[in-house]
Amino acid sequence: MRSNQALKMKKSKAKSILRMAAALLIVAFLGAWITFRLLVGAQDIGQLDVPLPAATILYDKNGTEATRISFNKIEEIGYAEIPKHMVDAVVAVEDRRYFEHDGMDMRAIGRAFLKNIVSGGTVQGGSTITQQLAKNVFLSHERTWSRKWNEVLLAKKIEENYSKREIMGMYLNQIYYGEGAWGIDRAANTYFGKRPKQLTVAEAALLAGLIKAPSALTPYKHMDKARERRDVVLQLMKDQVLISEDIYNKALREPIQLLSSRPNRVDDINYPYYVDQIIREAMSQYGLSENEVLQGGLRIYTELDTKMQQSAEKVYAQEELFPDSAADQLIQSGAVLVDPRDGGIRALVGGRGEQPFRGFNRATQLKRQPGSTIKPIAVYTPALELGYKPSDEVVDEPISINGYEPQNADGSFHGQVSLYDALINSYNIPAVKLLNEIGIDKGIDAAARFGIPLTEQDRTLGLALGGLHEGVSPLHMAEAFGVFANDGVRMHAHAITRIESADGTVLAEFEKSAGSEKVTEPAIARMMTAMLEGVIKEGTGIAAALGDRPLAGKSGTTQMLGTSGYSAKDNWFVGYTPQLVGTVWLGYDQSDSSHYLSTSSKAAAVVFHALLAEALKDEPVMPFPKAPNLLPNKKDKGNKWSSNDDSNNESERDKEKEDREERKEREKEEKKDRKKDDDTEKGKGRHRDKDDNDDD
């Protein structure tokens, strides 16, 4: 009896606990729901009623507004003017349950949550179209859980105040589709010369596919990727029963017929090439997407010097400074100006002639062989680091190293020459012999320290002449030569100093402490500067001289094979003063037997001279730091050399000779260890012996 009574009491107690727990859960749920509703209600979405979102404002190095990326050129259209298959395409690829959820897709959020937990970070969003609209209009762009929460609250408020059609209309009218086209109306016109209502299913699928990464998928530059993405969207539309099998097959077969002449929107934005670099940096260095930068509301502080940028654009507008072009293709050029003291990109120009916004930027995206501009970096600097002196001599004579037979540009040989003489006259054979003597590994190491991008295929003696497998951009070369101007310290070139949201929250900032690294000793950098001053005063860079202003630099040319007479594929000049490094590249985008440079190899130096003369017009004349007094002087008409230091006597020169002999013996031993690597070079460089020759 007692046991039954105890059992009843236990059951009663358990029921009471369950009731209490249920009550607490209900209270907690109600509390959470009420809190959630209060938070949703507190969201201000009034900005959606403003016709256009705020502009992204770009500031120069002094904090003054330089330009802005604005939506004030959008032609906004009503939802009724957007074809159903355009909406279907966007829904299929961006938010398949758009018309079912109320701003949050719990299934997508769940998948994203699991993905982020597994990866240990926020790598996948699961955002709905409504959330994307909220993020683009109201929020900063960092990937954090707090931002995601605010995104959800705003999306909920938006869904409660606007219909699905209104939300979709706002989204399609504000999104960026690449090629300077904001909004669906401009996108349809930019790519196809049509109004949105005239878009075919295939065309709508292509535009919907661009939303993910407009620049990377634009069919004007990446047709294969654009077609592949379009076909993915069409497949999703078919899988979600938004189009029939017949329509799907017809759309797949439809060729992509782009508008032959794209509307040019460069005039809408000041300094378009510099703005392009800002966007690239924001994406590559700070993790923002193109849409996040272009959608507006950001405040981006930069290293831009508007006077230098304007002067650079003025120079590039002077056609008489550039060689005559072929009738069907313009000789192109790219240039960049960088302050070697802090790495700030002061100005850049990425091309000549009419260029679309976010087009190819030759100042930063170009990849061309640098020719002899690589010599100071990969040959002479590591040689000086090993104890060689500018007055040391090498014999300029015919050579064959494992089948590699470099030639001088003038086709002749100059006998015994100093390293200084070989550099300022850009002799090729001495550079190759010197690299072979110090070892290819030394050259590879030096180039890497200077920030020159290399591949394993660059481990050949062709490195001495700039025979890189992939190549460099003007920005790469400016950053590298900045080492010489900055006493051996490499400052990482950058355009952005800070990115803020509209409310002043700092989203990203350039870290100066992490933006520099020591490359070589100050004495080595100063000695290289003294040698490169000789290039300007009495060598291949005379055309770049700036009067009494100290200037150091190096020219470079790569020869065009299959042509006769003077013919160059690329022409370079890289030069610097203590406060500014400049690089100029000239050449055709598509070089062939009918498109090459046939004018003087000094063409880039001429443009460089005009560029630096304008940029430094109001800047003080500054001297280079004093270098060790080791440059050779001409002793007599026989072109013999002696040290500038008159205190050097015969015994000192004998000791230097002995030291060189000992060093050569050590190098011979090292060569034995490198023999295996050298053997692999056999034949590799033979095809470069002309292509990489400097025609200075």
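Reader: How does K221 count in terms of relative accessibility?
Author: K221 counts as partly exposed because its relative accessibility is 35%. Buried means under 20% relative accessible area, exposed means over 50%, and partly exposed lies in between (1.4 Å probe, protein chains only). The model is a predicted one, in which local features need pLDDT of at least 70 and side-chain atom pairs count only at pLDDT 80 or more, while totals for chains, interfaces and linings use all residues. Residues are numbered from 1 along each chain as its sequence is written, and side-chain values use heavy atoms, with hydrogens and water left out.

Reader: Which side chain does K221 meet in a salt bridge?
Author: K221 pairs with E179, at 2.8 Å from N to O. A salt bridge here is a side-chain nitrogen of Lys or Arg within 4 Å of a carboxyl oxygen of Asp or Glu.

Reader: And where do the two partners sit?
Author: E179 is in the loop between α6 (164-174) and α7 (184-192), K221 is in the loop between α9 and α10, and the pair therefore ties together parts 42 residues apart in sequence. Helices (H or I, at least four residues) and strands (E, at least two) are DSSP runs, numbered from the N terminus.

Reader: Is E179 buried or exposed?
Author: E179 has 6% relative accessibility, so it counts as buried.

Reader: Which residues of α10 are buried?
Author: They are A226, R229, R230, V233, L234 and M237. Seen down the axis of α10, these buried residues fall within an arc of 145°, so they line one face of the helix. The arc is that of the directions from the helix axis to the C-beta atoms.

Reader: What do they pack against?
Author: The buried residues of α10 pack against α2 (84-94), α8 (201-210), α9 (214-217) and α11 (245-253). Packing is judged by contact, meaning heavy atoms within 4.5 Å.

Reader: And what is on the other side of α10?
Author: D224 and E228 are exposed there. The relative accessibility of D224 is 59%. The side chain of D224 also meets that of R227 in a salt bridge (3.6 Å, N to O). D224 and R227 are three residues apart in α10, so about one helical turn separates them.

Reader: How many salt bridges does the structure hold?
Author: There are 30. Another of them joins E303 to R346, the closest N and O atoms being 2.8 Å apart. This pair links distant parts of the chain, with E303 in the loop between β3 (299-302) and α14 (306-316) and R346 in strand β5 (residues 345-349), 43 residues apart.

Reader: Are E303 and R346 buried or exposed?
Author: E303 is buried at 9% relative accessibility, and R346 is buried at 7%. Salt bridges that share partners join E303, D339, R341, D342 and R346 into one network.

Reader: A change of topic: what are the buried residues of α21?
Author: They are A603, A604, A605, V607, F608, A610, L611, L612 and A615. Their cover includes α14, β4 (332-338), β13 (568-577) and β14 (580-587).

Reader: Which polar partners does its side chain have?
Author: The side chain of N571 makes a polar contact with that of T557 (3.2 Å).

How values were computed. Polar contact = N/O pair within 3.5 Å; in protein donor to acceptor, adjacent residues only side chain to side chain.
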